[in-house]
Amino acid sequence: MINERSEQVFNISELDQELQKFILRMDTNLTIKSTISYMMLLDFRSQHINELLKNEIVTSKQFDHELKVKIRTQQVHIKNVNDSLKTKETFGQKVADGIAKFGGSWTFIIIFILVLAAWITLNTFPLFFGPFDKFPYILLNLALSCLAAIQAPIILMSQNRQTERDRVEADNDYEVNIKSEVEIHLLHEKIDYLMDLKWQHLIELQQLQIDLLQELTRQNQMILQKDKSNT
């Protein structure tokens, strides 16, 4: 029975189309109308599966390489906003930021209230010396006006710095969004590749392997049956 199975012939035209192409490519002496033996069919199937596996490995490596190239070419460099602004700070800008920070603190408010209260008290009640700025405190009004005149442009300078910072942060957020969009696009591309091609090829390979294993199992069973009959 084993000999009958081994001597069985198969028409190439009756085989799977992919296997037909592979056999004709491997043996140019064969045609679509030729016949091959059972052992030749098993050998061709084994070679076909090995070739498909090698092609899958090469395709996967090539696809991964293309993705890496796309990531490198479309890479967006994310920067630290604080570091980029600190490198551009001048002495005047640092002073403006410091004054604006101090002017908007409770420390400045408390000190200002204490100085104002002391000024009014000393010029209203002659405690230690005679008043130098009597009511309506013209000198105090002049000092407050000068303070407001100087403080206003300094605060504007600090606000301009904050505006620049907001602009840099907006640009940085834009670059982050672009980087995320590129990576999501590449991820979708890889998932589409896996869904449309990779899994289908793997299923076909698995089916070919199952067919080959079934043939080998059938052949082993025949050998065992022959051994039992001989004994």
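What follows looks at the aromatic pairs and then at the core.

Modeller: Please keep in mind that this is a predicted model. A search of the whole structure finds four aromatic pairs, and one of them is formed by F102 and F108, whose rings lie 5.6 Å centre to centre with 75° between the planes, an edge-to-face arrangement. F102 is partly exposed, with a relative accessible area of 42%, whereas F108 is buried, with a relative accessible area of 19%, a value that falls under the 20% limit for a buried residue. Another edge-to-face pair is made by W119 and F132, because their ring centres are 5.2 Å apart and their planes stand at 80°, and an angle over 60 degrees counts as edge-to-face. This pair links distant parts of the chain, since W119 sits in helix α6 (residues 106-124) while F132 lies in the loop between α6 and α7 (138-230), 13 residues apart. F132 is partly exposed, with a relative accessible area of 47%.

Turning to the core, the largest nonpolar core has twelve residues in all, among them F10, F22, I36, Y38 and F44. Helices α2 (17-26) and α3 (38-73) each supply at least two residues of this core, and α3 gives the most, with four residues. I36, one of the core residues, touches Q8, V9, F10, I12, L15, I23, L30, L41 and F44, if residues up to four places away in sequence are not counted.

Notes
Residues are numbered from 1 along each chain as its sequence is written. This is a predicted model: local features need pLDDT of at least 70, side-chain atom pairs count only at pLDDT 80 or more; totals for chains, interfaces and linings use all residues. Side-chain values use heavy atoms; hydrogens and water are left out. A nonpolar core is a set of buried Ala, Val, Leu, Ile, Met, Phe, Trp, Tyr and Cys residues joined through side-chain atoms within 4.5 Å. Buried means under 20% relative accessible area, exposed over 50%, partly exposed in between (1.4 Å probe, protein chains only). Contact means heavy atoms within 4.5 Å. Rings of Phe, Tyr and Trp (its six-membered ring) pair if their centres lie within 6.5 Å; planes under 30 degrees apart count as stacked, over 60 as edge-to-face and the rest as tilted.
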